Amino acid sequence: MQLFIGGAYSGKRKIVRALHSGELNWVSSYYGHNFTDWKSYWERDTPIVLEGWEKWITKALLFDQKDDSIRQFFYSFLLELKEEERKTGNQVVIIMLEMGRGIVPVNKQERRLRDIAGWILQDAAKLADEVYYVWHGMNEKLKERV
């Protein structure tokens, strides 16, 4: 599993496309995709890219669950993705927005989103085989398969 982290419009998609020269299957909240339908978007033998996690987390916040429950739900989902990658050999690519370096939001729900997104990003980094940080269209590999 690969994880690409960076701020808004930092070039994450461009770097993913450059590193994966062939066909990619995209599951994106920005295009109205629901992450729970990811298998229906994944054509075998082709990497799958999941992006827009902050929007999916925002939807989970609408149910007003506890923060730990939301984090655990997404952690279970990440484990499912990793297991599917292991079984099939098909690459899973995750693109996540870095939200923790900006101004702390005044609104309580926006602070919750930032906090939960940060925890989920930490979980994804722990599970990922490779982690890249992207800024200004450049990337640095922070974690490599051992």
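A residue counts as buried under 20% relative accessible area, as exposed over 50%, and as partly exposed in between (1.4 Å probe, protein chains only). By this definition Glu23 is exposed, with a relative accessible area of 58%.

This is a predicted model, in which local features need pLDDT of at least 70 and side-chain atom pairs count only at pLDDT 80 or more, while totals for chains, interfaces and linings use all residues. Residues are numbered from 1 along each chain as its sequence is written, and side-chain values use heavy atoms, with hydrogens and water left out.

Helices (H or I, at least four residues) and strands (E, at least two) are DSSP runs, numbered from the N terminus. Glu23 is located in the loop between helix 1 (12–19) and strand 2. Six strands form an open sheet of mixed pairing, in the order 2-3-4-1-5-6; two strands pair if DSSP finds at least two bridges between them. Strand 2 (25–28) and strand 6 (138–143) are the edge strands, each pairing on one side only.

The structure holds nine salt bridges, each defined as a side-chain nitrogen of Lys or Arg within 4 Å of a carboxyl oxygen of Asp or Glu.

Salt bridges that share partners join Glu130, Lys141 and Arg145 into one network.
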